[in-house]
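These are my notebook entries from a reading of one structure. I set down what I looked up, topic by topic.

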Amino acid sequence: MPRTLLVVSGILALSPGWLGQADVIKLVKGGTVIGKIREEGEQGVTFNVYRTGLARATYGTETAERKNIKSLTKDSHPHRGFWKRAEELREGTAQQWLELGREAKASKLSGLARHAFTEAWVREPDSLDAAKELGEDAKRIRQTDPRLNPGLAEKLTAYLGMSDDSDRSAAAAEIGKIAPQWTLVALERARRSAKRPKGRKDDQLLTIDAKLHSGGVYTLVVPKSYDPLRPTSLVVGLHGGGAGGKDRTNVVGSGSSAMNFFQSEAERLGWIVVCPTALRAPWADEANDPFLMAILEEICALYHVDRNRIYLAGHSMGGFGTWHYGPKYAHLWAAISPNAGGGRPLLNRLEETMTGVYCHHGADDAVVGVGTDRELAKQMRDKGMDFVYCELPDSGHGWPDEVRAEMWEFFKVRRLAVTPGRAEKGKFAITEEAASSFSDKPSKRELAAFGPLSAAPVGASGAVDPQQLLVDLAAGGGRAERAAAELATRSEPELAASVAKILADQKQAPDARRFAAEALGGMNQPTTLKVLRKATLDADLGVLRAAGIALGKLRDPEAAKSFDAAARHLLSLFQSKKTGARIDFTDFEAHLHAATGLAEGITQAAVPATLSALQALADGLLFAPLEVPTSTRAGQDARVPRLALARSLVEACATLPGPSTHSLLDALAAKPELGVADRVAEIKAGG
């Protein structure tokens with residue numbers, strides 16, 4: 001329940017910036033309170049001094065009697081007020097936008113005024129009032145905004161679909177004369193972006209600097225409304241979890257699990273969201289820092305991002321990560337949202353850069369105590385920072401829908417603050433217009449990862465250079481994935497030998513070697529069997545799995561021997577991760593995933609003598625007494641990898657002579673939790 005205000009803060013005199021941060025309640029006796037007004041009535045006003053509007057947030061909620069109130073002023077920050085109105089006027093009339101523009105003009109916010117007058121003009125292209133208000137900018141805007149220049153819009157749309165190099169060169173020169181902001185680099189980025197699929201993609205491999213971050217992945221949502229010709233907001237979401245595995249080098253949690261918190265609202269708003277999976281836990285581990293920055297660079301290169309509307313958010317371990325990377329890279333974020341986390345963030349850095357902070361923590365959080373975030377909230381209040389602290393009494397270690405809804409509202413009205421030239425030091429001011437990531441100067445990393453951003457010379461060959469494929473394969477990540485897909489269609493013995501060298505080279509990144517094995521599976525060169533057999537004994541489970549599948553595709557004449565050895569090796573690795581009959585879930589999942597790959601390889605090999613390898617995998621991984629602790633909070637379910645392996649073993653048995661497999665099939669069917677009894681019955685019946 002709200003408590004009656006007993007002591008009124010006089011800190012406004014020390015921090016005049018508060019007037020622009022929240023609602024202001026001036027009292028009769030001279031005191032001033034800053035907060036979020038919840039309710040106004042004849043008897044008084046209820047408000048929250050930590051500025052959350054959620055009624056269930058009792059922490060920081062107070063009341064002031066009406067007779068003691070001199071005046072009330074709602075949040076008067078001009079930028080936030082403008083963007084809130086702009087959001088409401090998405091379907092508004094030209095006249096409404098004109099009025100908004102005039103208000104911004106009166107406040108000397110020229111960029112915001114220009115935005116509003118342009119929106120008015122788009123809605124009413126013949127509006128003389130809009131043209132008059134735009135003044136000297138009118139001619140330029142009429143020419144360079146494709147919404148006002150149908151000819152330019154047509155040329156830009158046509159460019160996105162052009163494949164001929166000479167046509168693109170001529171079109172780029174023509175567009176550049178009309179709209180100089182559309183340089184050849186920007187046009188080529190937009191053309192590249194237009195080809196990329198929209199929607200959700202889980203575990204997308206990092207491409208930029210992938211060799212330095214082997215195995216690095218992120219989950220991405222690109223809304224259906226995404227337009228490569230218009231800058232879009234971006235949210236970077238950090239997942240929760242922690243360290244896993246016997247040696248604590250695995251990561252509990254993933255970008256795909258985090259995306260479930262963001263996807264629906266991102267689609268509704270038309271924002272891009274990227275959720276990386278940490279390379280190490282916690283997020284503050286030094287391995288994650290350059291990885292996170294590489295992902296940000298990659299997304300801003302592949303998609304048209306408004307650099308003035310990039311936001312960082314995370315929950316639990318991701319909340320700690322947000323408190324860590326928020327201040328460290330405060331010059332990049334328009335706002336941040338750490339939830340159910342903590343740490344020792346450099347609040348002064350967030351204050352200096354005017355970075356908004358939306359923080360949530362459950363008062364009854366039994367996983368991460370609320371104390372640190374409470375203290376940070378008090379410090380932010382004392383400093384007069386732009387923040388909201390929402391503490392619910394009963395949200396535990398969760399991240400409720402109502403909290404995330406308030407977070408999105410917080411994000412929508414905030415833009416990056418920069419210094420002249422985007423320097424990291426000096427006086428910051430809030431930006432008023434979009435900053436296109438497609439206008440950035442291309443880095444060497446981007447060019448190496450995705451190719452040149454220029455129309456190729458006329459007559460250039462479209463053939464894929466084998467040597468470039470090998471370079472890309474060795475680079476790992478997304479480049480290796482694409483190279484492996486192309487190499488798998490080739491059959492040149494010398495090229496296969498070069499791919500085999502990459503697989504055999506232990507100095508190569510694990511994901512490069514894994515994709516080398518996948519490529520060899522398609523190249524179908526018997527001379528590579530030896531290196532593939534050896535790779536099934538690799539210490540890296542991803543390489544082991546890929547090599548097993550490739551051996552099956554090549555119909556290894558020594559398949560029985562190879563798979564027997566691979567199964568024994570995998571079981572040995574599995575045993576090394578156990579403590580008695582107990583094994584960490586992340587170790588369990590990784591080893592069963594590798595075993596599933598071996599079973600898939602055996603299925604493709606279809607060699608009767610491989611039954612012993614299948615039996616060994618079943619005995620060691622499915623039938624042996626085993627304790628696998630799981631966490632529902634982390635989304636762990638030991639049944640999932642068990643079911644996947646059981647199904648793969650059954651399908652492998654289906655390729656072998658019937659009676660010889662019955663004993664193993666019966667044993668698998670006898671365990672109802674494996675869910676394969678019906679399929680076993682089909683196989684035994686000859687189905």
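Predicted model: local features only at pLDDT ≥ 70, side-chain atom pairs only at ≥ 80, totals over all residues.

**Entry 1**

I looked up the order of the strands. The sheet is open, has eight strands and runs S7-S8-S12-S9-S13-S14-S15-S16, with mixed pairing. I noted that strands S7 (199-205) and S16 (387-392) stand at the edges; each has a single partner strand, so one side of each is left without a neighbour in the sheet. On average, neighbouring strands of this sheet are turned by 15° against each other, direction ignored.

S7 pairs with strand S8 (residues 217-222) over five bridges, in the antiparallel sense. Leu 205 has Val 217 in S8 as its bridge partner. Helix H14 (residues 371-383) packs on the sheet, where H14 touches strand S15 (356-362) and S16. The direction of H14 makes about 150° with that of S16.

**Entry 1: helix H22**

I next turned to helix H22 (residues 541-553), which has 13 residues. From first C-alpha to last, H22 reaches 19 Å, close to the 18 Å expected at 1.5 Å a residue.

Finally, I checked the ends. Asp 540 caps the N-terminal end of H22, with a side-chain oxygen 3.0 Å from the backbone nitrogen of Gly 542. Just after H22, Arg 555 takes a positive phi of about 50°.

Key. Residues numbered from 1 in each chain as written. Heavy atoms only, no water. Pairing = 2+ DSSP bridges. Helix = DSSP H or I, 4+ residues; strand = E, 2+ residues; numbered from the N terminus. Axes fitted to C-alpha atoms, helices over the stretch in contact; angles between N-to-C directions. Contact = heavy atoms within 4.5 Å. Expected span 1.5 Å × (residues − 1). Polar contact = N/O pair within 3.5 Å; in protein donor to acceptor, adjacent residues only side chain to side chain.
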